[in-house]
Amino acid sequence: RPDGIYCTFGGQTALNIGVKLREEFAGLGVQVLGTPIETIMVTEDRELFATAMSEINEKCAKSHAANSIDEAIVAANDIGYPLIIRAAYALGGLGSGFASNEEELVALCRKAFAASPQVLVERSMKGWKEIEYEVVRDSYANSHPDCNNENLDPLGIHTGDSIVVAPSQTLSDEDYQMLRTTAVNVIRHLGVVGECNIQYALNPHSREYCIIEVNARLSRSSALASKATGYPLAFVAAKLGLGIPLNEIRNSVTKETTACFEPSLDYIVVKIPRWDLKKFDRVSKNLSSAMKSVGEVMAIGRTFEETIQEAIRSVDTSFDGFCRNNYVAETKEAIEEELTKPTDLRLFAIANALHMGYSVEKIHALTAIDKWFLCKLRGLVETERTLNTFAADQAIPRNLLRYAKQQGFSDGGIAQFTNRNEMQVRNTRVGYCITPFVKQIDTVAAEFPAHTNYLYITYNASEHDVSFVDKGVMVLGSGVYRIGSSVEFDWCAVRAIRTLRENKFKTIMVNYNPETVSTDYDEADRLYFSNITLERIMDIYEAESSAGVIISMGGQAPNNIAMGLQRNKIKIFGTSPENIDGAENRYKFSRMLDQIGIDQPQWRELAQYEDAESFCEEVGFPVLVRPSYVLSGAAMNVVSTITDLKSYLQQAATMSRDHPVVISKFIEEAKEIDVDAVALDGKLIMHCVSEHVENAGVHSGDATLVQPPQDLDPVTVRKIGEATAAIGQALRVTGPYNI
């Protein structure tokens, strides 16, 4: 029988349970801490919310709640099309969408009623700006906004699928103050205690605004806002729930100020979502009011250009930044389709449209994205054009190189535009003494003394904010969450950091995912919110004079740069990069197994399509096509016919351009076993065997695993242990490995 309970920290699941158990809490004398359940019910029930807002003369979008399709049709005729349909008590915009006629309305309602007992039929404000404020309030009615952000995409795309910029860049001071005052009034009226967020639609052509919704809980944007401002929202909200006033809570990041300071930012933050829609066949890639992204990245810089480029590169290692690309065809049809019906490739379409000569006005008319953002993006395209005029044997002028770095172009990107390699550009840059500066996030924009370990890297500065004396150990994080890489890698990075600290080592964490524990300010001695690329890791390593780097904790992202780090004389703790390459490079790995006498299906490395065809005839279908250096089986396919072979080989070849593709015989009706092991200098220390319930052919991330194995002969288990030891020995593994 606890004395108190919080329902606002566990997202929608926790809220829904809190609402259902309200009576029981009262009966048992359990106090609900933080925001009262009554307030939560008002914010979750659309009708009650609209009534509460009208009490203080605040405007919501005109809407009606409906409990059946017939009621929804009546409501729609009253409000008038176009409409947005939303399910009550649902997370991530589940079951929502836009309807411009009755037929679309009925189809959407069927979907929404499958997810919720009530739907909301609401006037659509598609094309308006979407603005969000995070607000904190204590039980003495002191409150202030903590972070304000704006979506680059106009209203109509779920916030979780939008590019978000903090602080907002295109609001006038009048608009900003108007929405800020409204936020404080609304939160006071609702009686929120702790943290909440409020979302607005703002008409770009007038000062008309509507309140879309209030989340009276910590939401996905709370994590982003905490990392963006350095103001620990969940920590403060927990204290506020205990009845402690804002002016008595110390800001645990700065250690100098109290929590009643409104954070002020002398930098800019951009969040871009990560989608993995490529992995699904026949799935609509269009973005709308229901969220589809699986993760997000956050970048910090001093200018919008620098920050958005860093963010684009963080989403996927194959993206070079905001530049001409082959993700969207350069035809009028393809570009305009992408601009008017956005998918996960809209940003790349804007880049190609600017290259094709589309004006900012034209793109604005097609996308409703604010012209301020589009003008900034046009500046990047102009710099790219200038760089393209330099041939491989022409020196890049110092001023141009510095300007390009200040605009956020990577060494690799500049190398591509000027026909040279990344290291040539790096050496030229270092020769010109153009190196980045390390700045700290102090939440007070350097107006008061503050010492934080929360750092970012920029070229738009003239000095470092910190001194480098620790020579700490760097741990590389997992980067963005995507299918196949999620919180498990973050857990590994955090355990590594904590173990190092227990053993009295100074630690440096590098990661750029705001949803992780590793990017909490108090986990490592120094936290760099930065991209995990060869260029960035070398910059940090050189600035910090680091003792060495641990790359085995962050999954595929750090592994991909292992050889590059080794070539540049960077000390790597654990398995050496040559041996990592021996495991990641399919050809080297298969050859090694042959040498140490461990059985494997017949295999061949392929350069020519004809070889592949003759190999398949020799061993018979089905076969398995596998590229090197990929995560979660990307572009890995079981092929059963000669016609499929060609398209799959092409896909695999584009996935691992610099590495071989191997084809091996696929054994049908085979068991699949996973082994996780740890070794020191190749000697096996411990291992653990898990058995798949499904037959081989289902990726281990999609399979049901049982541990310990239930259906394996003791002899087989022993043989697996021996093979694991032999492979660890051959690769001289120090640290973790998985077979």
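Colleague: Which residues of helix α4 (residues 46-55) are buried?

Modeller: In this predicted model, the buried residues of α4 include Arg-46, Phe-49, Ala-52 and Met-53. Around the helix axis they cover an arc of only 125 degrees, so they sit on the same side of α4.

Colleague: How many residues of helix α8 (residues 220-229) are buried?

Modeller: Eight of the 10, so α8 is largely enclosed by the rest of the structure. The buried set is made up of Ser-221, Ser-222, Leu-224, Ala-225, Ser-226, Lys-227, Ala-228 and Thr-229. After α8 comes Gly-230, with a positive phi near 75 degrees.

Colleague: How are two packed helices described?

Modeller: By the angle between their axes and the distance between the axes. Take helix α11 (residues 332-340) and helix α13 (residues 360-367): their axes come within 8 Å and cross at roughly 55 degrees. That angle makes α11 oblique to α13.

Colleague: Which residues make the contact?

Modeller: From α11 there are Glu-336, Leu-339 and Thr-340, and from α13 Lys-362, Leu-366 and Thr-367. By class, the residues of this contact are two nonpolar, two polar and two charged.

Colleague: Where do nonpolar side chains tend to be in soluble globular proteins?

Modeller: They tend to be buried together. Here the largest nonpolar core has 108 residues, and the members touching the most others are Ile-272, Phe-322 and Ile-350. Helix α12 (residues 346-355) gives the most to this core, with seven residues. Apart from it lies another core, of 28 residues, including Ile-40, Tyr-133, Ile-187 and Tyr-209.

Colleague: What does Phe-322 touch, not counting residues up to four places away in sequence?

Modeller: Among the residues touched by Phe-322 are Ile-312, Leu-347, Ile-350, Ala-351, Leu-354, Leu-377, Leu-380, Val-381 and Phe-409. Gln-309 and Glu-384 are also on the list for Phe-322.

Colleague: What is Arg-536 in contact with, leaving aside neighbours within four places in sequence?

Modeller: Arg-536 is in contact with Glu-310, Ile-457, Tyr-459, Ser-530 and Asn-531. As for Pro-245, Arg-536 is 291 residues from it in sequence and 41 Å from it in space, C-alpha to C-alpha.

Technical notes
Residues numbered from 1 in each chain as written. Predicted model: local features only at pLDDT ≥ 70, side-chain atom pairs only at ≥ 80, totals over all residues. Heavy atoms only, no water. Buried < 20%, exposed > 50% of the residue type's maximum accessible area, 1.4 Å probe, protein only. Helix = DSSP H or I, 4+ residues; strand = E, 2+ residues; numbered from the N terminus. Axes fitted to C-alpha atoms, helices over the stretch in contact; angles between N-to-C directions. Parallel < 35°, antiparallel > 145°, perpendicular 65-115°, else oblique. Contact = heavy atoms within 4.5 Å. Nonpolar A, V, L, I, M, F, W, Y, C, P; charged D, E, K, R; others polar. Core = buried A, V, L, I, M, F, W, Y, C linked by side-chain atoms within 4.5 Å. Arc of directions from axis to C-beta.
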